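Please examine the sequence and the structure shown below.

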Amino acid sequence: MDALINQTFDEIQIGSTVTFPHRLTKMEVDALAFVSGETDAFQVEASNGIPREAFAEAVAGEALISALLKRRLPGPGTTILAQDLNFCGKLQTGDEVVGKVTARKKSREDKQIVFECLLTRGQETIVQGTVTVSAPSARIRYDNIATPEIILRRNDAFRNILKRCYAIPPVSCAIVHPCDRDSLLGPIEAAKRGLIVPTLVGPENKIRAVAEAEGVDISPYCIVSTEYSHESAQRAVAMVRAGELESLMKGSLHTDELMGAVVPSATGLRTSRRISHVFVLDVPAYPRLLLVTDAAINVTPTAKEKADIAQNAIDLAHVLGIEVPRVAILAAVETVNPDMQSTIDAAMLCKMADRGQIAGGILDGPLAFDNAISEEAARIKKILSPVAGKADILLVPDLEAGNILAKQLQYLAGAESAGIVLGTRVPIVLTSRADTVRTRLVSTAVMKLLAHAKRGENASGKREVAHAA
């Protein structure tokens, strides 16, 4: 959910421009098809001979230009009066485009502005032309604006996360080697929304070249120049160790390069806890947040390592507002089988929780996936458990199972995701090139909540020390 604030007719000058990058999602294509009436389940051809999905994509360019005018410049209160647009190419789901509108002519008599409009995909022009609008004369602010993804969802578990973040101060964050479009524009957008205060760590000439190519002003942000990606990772980690920064975000370097600087005990960011990763998922068909761990770092964790992975996830759940998270320890079956290590690990973890070695949540396992998330499946199999069917956290047997599960939920069930690394001195966001803007923002928001919680822990520790003295 965004807050949108317009620019009035008097504020807009000739030459005023707004540029906005966007990735066309399947959800948006479905929304356009729904609005256009082309909702045949078998995707029969529309009246103009274009298949339903292609028909939706054909109008996507016009819709994106319209959204840019009505949301960004002039923004809320804008009425589109006329348009003269040329469509030079076809959009497809997954395309990364950049929309740009520039004020070219103003008419004070009727408060009309003519905008030059451009939509590009890389170097290719998709839409080009002009649109005449009636610009608003008064300030308008809209809160809680829904995106197509939210409109078509049964729930929006990420809304509260973003809402909580906007109420607390931004946290300082090292953006490690932001040397391509996605890794630079993502954190800049997060900075504009008050989530972070970024420090760009990487080759300054490359960072500035990307910013210039994308038309982004990075003058408000500090740049710490390095020569190569390994140095970027090491420099960022050193700044965190020195207390200069509160969080890290992966840029265009490989994950192994970043984690290679994070993991060493002497120079990295390790704690006594095992480092692990959590996918925070908002699944349309599931009534609550779903955390999946570990699907990115620990390949074949032992029972001892899984205990740390579980504790990391429980601590994150507390920060996200889940008071007593239910942890389902997944396996292929729901009974302990001596020939299946995952079931033995599950039994051990449950007993460790009974003895207080894992605290703050309710653990049960082994549980098959269906029993963990479906109360009906658990009832049919006569599984009596406070966790079955109501899991908040899915603790997977190994990285392969977790990664497949998380990706299936995203690409087959329409789940939105955020990813965060835990068990380190500061939270770390690991981004992917396939991440949407919303995914990047929510991942940053989760990181911000964790960093803010750590601020509170540090302040509390200082107060206790001062009191003892």
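## Helices α10 and α11

The crossing of α10 and α11 is right-handed; a crossing is left-handed if the near helix is turned anticlockwise from the far one by less than a right angle, and right-handed if clockwise. The contact is formed by Ala 303, Lys 306 and Ala 307 of α10 together with Asp 345, Met 348, Leu 349 and Met 352 of α11, where contact means heavy atoms within 4.5 Å. By class, this contact of α10 with α11 has five nonpolar, no polar and two charged residues. In this classification Ala, Val, Leu, Ile, Met, Phe, Trp, Tyr, Cys and Pro count as nonpolar, Asp, Glu, Lys and Arg as charged, and the others, Gly among them, as polar.

Two packed helices are described by the angle between their axes and the distance between the axes. For α10 and α11 the angle is about 55° and the axes are 10 Å apart. Axes are lines fitted to C-alpha atoms, for helices over the stretch in contact, and angles run from 0 to 180 degrees between N-to-C directions. The two helices α10 and α11 are therefore oblique to each other; angles under 35 degrees count as roughly parallel, over 145 as roughly antiparallel, 65 to 115 as roughly perpendicular and the rest as oblique.

## Basis of the model and overall content

This is a predicted model, in which local features need pLDDT of at least 70 and side-chain atom pairs count only at pLDDT 80 or more, while totals for chains, interfaces and linings use all residues. Residues are numbered from 1 along each chain as its sequence is written, and side-chain values use heavy atoms, with hydrogens and water left out.

The protein contains 15 helices and 18 strands. Helices (H or I, at least four residues) and strands (E, at least two) are DSSP runs, numbered from the N terminus. Of the 469 residues in the protein, 50% are buried; buried means under 20% relative accessible area, exposed over 50%, and partly exposed in between (1.4 Å probe, protein chains only). Among contacts between residues at least 6 apart in sequence, 72% join residues at least 24 apart.

## Two further helix pairs

Helix α8 (residues 229–241) packs with helix α9 (residues 255–262) at an angle of about 40°, and their axes are 9 Å apart. That angle makes α8 oblique to α9. The crossing of α8 and α9 is right-handed. On the α8 side, Ser 229, His 230, Ala 233, Gln 234 and Val 237 meet Glu 257, Leu 258, Ala 261 and Val 262 of α9. The residues of this contact of α8 with α9 comprise five nonpolar, three polar and one charged.

Helix α6 (residues 181–192) and helix α7 (residues 204–214) have axes that come within 10 Å and cross at roughly 75°. That makes α6 roughly perpendicular to α7. Arg 181, Leu 184 and Leu 185 in α6 meet Ile 207, Val 210, Ala 211 and Glu 214 in α7. The contact of α6 with α7 divides into five nonpolar, no polar and two charged residues.

## Backbone features

A cis peptide bond, with omega about -5°, joins Thr 293 and Asp 294. Asp 294 is found in the loop between β13 (290–293) and α10 (303–319). The peptide bond from Gly 365 to Pro 366 is also cis, with omega near 5°, and Pro 366 lies in strand β15 (residues 362–367).

Lys 111 is a residue other than glycine with a positive phi, near 60°. Lys 111 occupies the loop between β4 (96–107) and β5 (112–121) and is partly exposed, with a relative accessible area of 29%. Lys 382 likewise has a positive phi, near 55°. Lys 382 is placed in the loop between α13 (375–380) and β16 (393–395) and is exposed, at a relative accessible area of 71%.

## Val 336 and the cysteines

Val 336 belongs to the loop between β14 (326–330) and α11 (341–354). Val 336 and Gly 365 are 29 residues apart in sequence and 8.7 Å apart in space, C-alpha to C-alpha. Leaving aside its neighbours within four places in sequence, Val 336 is in contact with Thr 343, Ala 347 and Pro 366.

A disulfide is a pair of cysteine sulfur atoms within 2.5 Å; by this rule the count is zero disulfides. Cys 165 counts as buried at 0% relative accessibility, and Cys 173 is buried with a relative accessible area of 0%.
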